[in-house]
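Here is a friendly walk through a two-chain model. Have the viewer open and follow along, section by section.

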Amino acid sequence: MSGYADIHPPEWPLKFLRFFLNPKYLEEIEGDLEEIFQENIERYSPGKARRLYAYETLKLIRPNLLKKFMQPANFNHYPMYKNYIKIAWRNLLKKKAYSFINISGLGLGIASCFLIFLFVQHELSYDNYHENGERIYRITHGSRSTGDAAKDAKANPFWVWGNAPVGPALKDYFPEIDKIVQFSGRSDILLTHGDKTYQEDGVFFMDSTAFDVFNWKFITGDARTALAAPYSIVLTQSAAKKYFGDEEAYGKILKGSESSGRSAAGDYVVTGVIEDIPNNSHFHFNVLISLNTFRKSRPEIFENWGYVDFYTYFLGNEQFNERSFQQKIPDFITKNIGDSDSKYTIALESLKDVYLRTNAHRQPGETGSLSNIYIFSIIGLFILIIAMINFMNLSTARSMERAKEVGIRKSIGAAQGSLVLQFLGESILIVFLAMLLAAGVVVVALPFMSGLTGKEFTLTPLLTWQAPLLAFALIIIIGILAGFYPAFVLSGFKPVAVLKGIMHNSGGGGYLRRALVVFQFSLSIALITGTIIVYTQMDHLQNRDLGFDKEQMLIVDYNYDEIVNYYSESLKNTLEASQAISSVAFSRSVPGSYFPNAGTTIENADGEMKMMVQPIFQVGIDFVNHFNLELVAGRSYSRLYPSDSTSALVLNEAAAKQYGYTNPADIVGKKFDQWGRKGEVIGVVKDFNYISLHRNIEPLTLPFDPYSSRYMSVKINPENMDKTIKEVNEVWSKLVPHRPFLYSFLDNDFNQQYKSDLMFKQLFTVFACLAIFIACLGLLGLATYTAELRTKEIGIRKVLGADMRTIILLLSSDFIKLVLIAIIIAIPVSWYVMKEWLAGFAYRMEMQAWIFVVAGLIAVLIAGFTISFQSIKSAVMNPVSSLRNE
Amino acid sequence: MKKTKLGEFEELVLLAVAALQQEAYGVEIKRELESRLKEKLSVGSIQSALKRMEEKGFLTSEFGEATQKRGGKRKRIYATTSYAHKVLKEMKDIRAGLWEAMPVLAHELKLI
C-alpha cells in the first residue's frame with residue numbers, strides 16, 4: 001500500500017473542491033476522496049484513478065455541501081432590519097396626527113418643488129428644439145454712444161427689430177455665416193377661404209431660408225421652396241384646420257387682404273403645412289408668408305438702412321466665433337454705412353439668450369424673466385425647508401417617547417451607528433410616503449398650474465428612465481437632511497440615565513427647536529409680506545389714473561382697412577347719433593397696443609432745427625377729446641382750421657421736454673418736419689401712460705392723419721353694454737360688411753401687458769399660502785405635544801383655581817413670542833427683497849409701514865389660531881381626568 | 001412518522017451507519033452499501049445524505065483517527081441518535097404491518 005504513496009490525486013480537482021465545498025466538510029470529504037483514490041490505484045491504472053477522482057469531485061456539487069456564497073458567512077442581520085421596519089411602522093400608526101403632519105407637510109413641500117421644477121424647466125427649455133440651436137444668433141440694432149457695446153445697450157436699449165439691408169450685407173461680409181433668415185414684424189392679415197374669413201394676427205413675412213435655420217417640421221410641402229415665390233403661404237396645422245377642416249390644404253388658394261405697409265391684397269397659394277410651433281418658442285405664429293411677397297410690393301424698403309421692419313436671425317457655421325464676430329462689427333458698419341455721423345451699430349444675441357437674458361426692446365414674441373425663475377426656485381426650496389423643519393422639530397420634541405427604546409437597544413449592545421441608521425431609515429420611510437403623496441399632488445395640480453401660468457406643462461420631463469433613480473436619490477437625500485439631527489439626538493441618549501428615568505426633556509434641543517420655529521416663521525412672514533406687496537402693486541398698476549379714459553372703451557380692430565377708413569366719417573356720425581354712444585374716434589394706435597417710431601425735426605429751445613426719434617400715434621381729428629386727454633398748452637385739431645390736416649402737430653409734455661422746452665407752452669408755434677410733412681406745433685397734451693407702467697412715459701407725437709388708422713374706439717355708456725355692442729355691430733355690418741367685427745375693451749387690452757405680472761402674482765400667492773400652511777402644521781404639532789407634556793401641570797393649575805384665559809395664555813405665549821421674533825427678522829429681509837422687485841416698475845407703490853404691520857398681524861393671528869385649537873382643548877379639560885392617573 | 005421525512009436512500013444510509021457502528025465513516029458506508037446494493041455510488045450522494053440527516057437530527061458525528069491512506073485527513077465517524085432508532089423502528093413496523101395486512105391470495109395471484 002505504501003508503495004503507491006508517491007502517486008497523488010490530481011491537483012486541479014482538489015483546488016476546485018477547496019473552492020466550492022463548505023469548509024466545515026472539507027477535511028472529511030477530502031480524506032474520503034483520497035482513501036478512495038488510493039484504493040482505485042491498486043485496482044486500476046493511475047490515470048483512471050485520477051479520472052475517477054475528478055468525476056467524484058464534480059459529483060460533490062450539491063446544494064447542501066456548497067459554501068454559502070450568497071450570504072455573509074458570519075451573521076444574519078435580517079431580523080434586526082425587520083424589527084426596525086416594524087417599529088417604524090408601529091410608530092407611524094401609533095401617532096397618526098404627527099405622521100399626518102410630517103407626511104402631508106413633506107408631501108406638499110416636495111410637490112411644490114416638483115411643480116416649480118417643471119415651471120423652471122419649461123422656462124429654460126425655450127427654443128431648445130432647434131437642432132442647430134447653439135449656432136443660431138440674431139442681430140440687434142442700436143446706436144453707439146460710448147463705443148462699449150454693453151454700456152450702449154444699457155444706456156439706450158437695442159432693438160431686435162431693424163432694417164432689411166443688414167441681412168444681405170452680413171452674408172457678404174462674414175464668411176462664417178451659413179444662412180440668414182429675415183422676417184417682418186408681426187403682421188395682421190385677413191384671410192378668406194370660401195365662407196371662412198379670419199383675421200390672422202400672428203403672421204410673419206419670412207425668408208425661404210427659415211426652415212434651414214429653424215426646425216419647424218413640415219407635414220406637407222417642400223421646406224426648400226415653400227417660402228420662395230411671392231404670394232406663397234405656409235400654414236400651421238391648426239391654421240390649416242381652421243380654413244380647410246379635414247381637407248388637404250396644400251396647393252389651395254387663400255384670398256388675402258392687404259397687409260398695411262407690407263403687401264398688397266392677393267391670392268396666396270398654400271405651399272406647405274407645418275406642425276404647430278412648439279409651446280416653448282420665443283415667438284409664435286399661425287401663418288408664414290414669403291418675404292418675397294413683401295419685396296414685390298415694396299422693393300425700395302429692402303435697400304433702405306433707415307426703414308425698420310425686420311428681424312434678422314442667422315445660422316453660423318462651424319467656424320463661427322462670437323468674439324471675433326463682435327470684433328469685426330465696427331469694420332462691418334464702416335464698410336456698409338458710409339456716413340461717419342451715423343451712430344448706428346449692431347450687436348449679437350445668441351438664441352439661447354433670447355428668451356431669458358435679453359434686454360433688447362421690440363421683441364418678436366414674449367420674453368421670460370430670469371429673476372422670476374430665481375424667485376420661484378428659492379420659494380420652492382423654502383417650502384421644502386419649512387417642511388423638513390417640521391419633521392426635525394416633531395422628532396426631537398417627541399424624543400422622550402423613544403428614549404426607553406434607545407436605552408434598551410443600547411444596553412443589549414446596539415452601537416450608536418446602527419441606531420443612527422435606524423432613525424435615518426425611519427425618516428427615509430416617511431419621506432418615501434411623502435414622495436408618493438407628492439406624486440399624487442403633482443398629477444392633480446398640474447392642470448391648475450397650466451391654467452395659472454397659461455403655459456402647457458406636461459409630466460414628460462419627469463417621466464424618463466432616470467426618474468425612478470432621481471426620486472430614489474431625492475428620498476434618500478431629503479430623508480437624511482431631515483432625519484440627520486433627530487437621529488443623532490435620539491441615538492445619543494445615555495442608557496443608564498434613560499433607564500433610571502432621570503432624563504429631562506431635551507433642554508438643549510429646545511433652543512434649537514425654537515430657533516427653527518423662528519426661522520420657519522421668518523420665511524413664512526417674508527412670503528406673506530411679499531404677497532401683500534405684489535397684490536398692492538398690481539392693484540396700483542391697474543387702478544392708477546393713466547391720464548386717458550380706458551373704461552367703457554370699445555375698440556374695433558380693422559387692421560388699416562382702406563374701405564373702413566373711407567367710411568370712417570359716416571361710421572362716426574351714425575354711431576354718435578345713438579343715445580348709448582358718447583363719442584367715436586379713429587387712430588392708428590390705442591394705448592397699450594403697437595406703435596411705430598418716427599424721426600421728427602422741431603426747432604428746439606436754442607432755435608436750431610433738431611431731429612429726434614420718438615413714438616408716433618397717428619390720430620383722427622378728435623382723439624384728444626375722445627380719450628379725455630388734458631391739453632396743457634395750445635389747442636387740439638379742429639375742423640375750424642382746414643390746414644390742420646397737413647401742417648399741424650400735437651405732442652406730449654415729454655416730447656416738449658425732449659426738445660428742451662421746460663414750459664410746454666413755449667413749443668407751441670414752433671416749426672416741425674415729420675415724415676414729409678411740415679408745419680407748426682399747435683398743442684401739447686399732458687403725459688398719459690400709453691405703455692405699461694413698467695416704463696416711464698416717453699415722448700410721443702400725435703400727428704393728424706385719419707387715413708392711416710387701424711382702430712375705431714367707441715366710448716359707450718355703462719348701461720346695457722351688450723345691447724350697445726350689438727348696435728355697433730349692426731351699423732358696422734351695414735356700412736363695411738366685408739370686414740369682420742372684431743372688438744375688445746381697452747382696459748382689458750391694456751392689462752394684457754401685465755399678463756406675466758398677474759401670473760407671477762398668482763403663483764407667488766399660491767406658494768406663499770402653502771408655505772404658511774405647512775409652517776402652521778408644524779406649529780400645531782409642536783403645540784399639541786407641549787400641551788400633552790403639560791397636561792398634569794394644567795390639571796394642577798386648574799385645581800388651584802386658574803381660569804381658562806390664564807391657561808390659554810400660558811400655552812400660547814411661548815409660541816407667540818417666537819412668532820414675534822420671526823416678524824422682527826422677516827421685515828427687513830422682505831423689505832429689501834421686495835424693493836428689488838419693485839425696481840422693475842417705473843410706477844411703484846410706496847412700501848408703507850401698514851404692509852408690514854398687516855403681515856405681522858396675519859402671522860400672529862394664524863399662529864394664534866393654530867395654537868388655540870390645542871390650548872383651548874387642554875384648558876377646558878377636566879382636571880380629574882388628567883390627574884387621576886397618579 | 002408524522003413530519004419526519006426519510007427518503008428511501010437516506011433510510012439505507014442510516015441503516016448502514018447503524019450497522020457499521022464504530023466503522024461508520026464516509027468510505028466504509030459507501031463500500032457497505034455498494035456491496036449490498038450491487039451498484040456504484042458516488043461520494044457526493046452519500047455525503048449529501050449524511051449531512052442532510054445530521055441536520056434533521058438522525059445522526060451525530062465526530063472526528064476519528066487520521067490514516068496515511070487518507071493523506072493525513074481525519075475520518076468523521078457517524079452515529080445514529082435514539083430518535084433515528086425510533087424512526088427506523090416505526091418504519092419497520094409500518095412495513096411489517098403492511099406485509100401482514102397483504103392477503104395471501106393476492107400474493108399468490110400476483111405470482112401466477
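Predicted model: local features only at pLDDT ≥ 70, side-chain atom pairs only at ≥ 80, totals over all residues.

## The nonpolar cores of chain A

The largest nonpolar core holds 86 residues, and within it A:Ile383 and A:Ala771 touch the most other members. At least two residues of this core come from each of helix H5 (96–124), helix H12 (370–397), helix H14 (416–453), helix H15 (466–491), helix H17 (507–543), helix H25 (755–789), helix H27 (804–838) and helix H28 (849–876) of chain A. The biggest share belongs to H25(A), which gives the most to this core with 17 residues. Domain 2 (79–120 + 368–503) and domain 4 (506–545 + 759–886) of chain A each contribute at least three residues to this core.

Which residues does A:Ile383 touch, leaving aside those up to four places away in sequence? The partners are A:Gly109, A:Ser112, A:Phe767, A:Leu770, A:Ala771 and A:Ile774.

## Chain A as a whole

Stepping back, chain A has 29 helices and 23 strands. For a compact globule of 886 residues the radius of gyration would be near 29 Å, but chain A has 39 Å. Taken along the principal axes, the C-alpha atoms of chain A fill a box of roughly 135 × 100 × 55 Å. Of the 886 residues in chain A, 39% are buried. Among contacts in chain A with a separation of 6 or more, 81% are between residues 24 or more positions apart.

## Domains and annotation of chain A

The domain assignment divides chain A into domain 1 (2–65), domain 2 (79–120 + 368–503), domain 3 (161–353), domain 4 (506–545 + 759–886) and domain 5 (562–738).

An unreviewed UniProt entry lists residues 378–492 and 766–878 of chain A under "domain: ABC3 transporter permease C-terminal". In this model, residues 766–878 of chain A are 85% helix and 0% strand, with the end C-alpha atoms 41 Å apart.

A:Ile85 is part of helix H4 (residues 78–94) of chain A. Is A:Ile85 buried, partly exposed or exposed? A:Ile85 is partly exposed, because 14 other C-beta atoms lie within 10 Å. The C-alpha atoms of A:Ile85 and A:Gly425 are 8.3 Å apart, although 340 residues separate them along the chain.

A:Lys48 belongs to helix H3 (residues 46–59) of chain A. A:Lys48 counts as exposed because it has 12 C-beta neighbours inside 10 Å. Its C-alpha atom is separated by 9.7 Å from that of A:Phe37, 11 residues apart along the chain. A:Tyr231 is in the loop between strand E6 (218–221) and strand E7 (232–236) of chain A. The phi of A:Tyr231 is positive, about 55 degrees, although A:Tyr231 is not a glycine. A:Tyr231 counts as partly exposed, because it has 19 C-beta neighbours inside 10 Å.

## Chain B

Chain B has 5 helices and 2 strands, and along the sequence they follow the pattern α-α-α-β-β-α-α. Buried residues account for 26% of its 112 residues. Of the contacts in chain B with a separation of 6 or more, 44% join residues 24 or more positions apart.

According to an unreviewed UniProt entry, "domain: Transcription regulator PadR N-terminal" covers residues 15–89 of chain B. Residues 15–89 of chain B are 53% helix and 20% strand, and the end C-alpha atoms are 11 Å apart. B:Gln21 lies in the loop between helix H1 (8–20) and H2 of chain B. Its phi is near 55 degrees, a positive value in a residue other than glycine. B:Gln21 counts as exposed because it has 11 C-beta neighbours inside 10 Å.

## Where the chains meet

Technical notes. Residues numbered from 1 in each chain as written. Chains lettered and ligands numbered in written order. Core = buried A, V, L, I, M, F, W, Y, C linked by C-beta atoms within 7 Å. Buried ≥ 20, exposed ≤ 12 C-beta atoms within 10 Å, placed from the backbone. Helix = DSSP H or I, 4+ residues; strand = E, 2+ residues; numbered from the N terminus. Domains from an automatic or database assignment. Contact = placed C-beta atoms within 7 Å. Rg over C-alpha atoms; globule rule 2.2 N^0.38 Å. UniProt positions renumbered as here; feature names shortened; annotations may be inferred.
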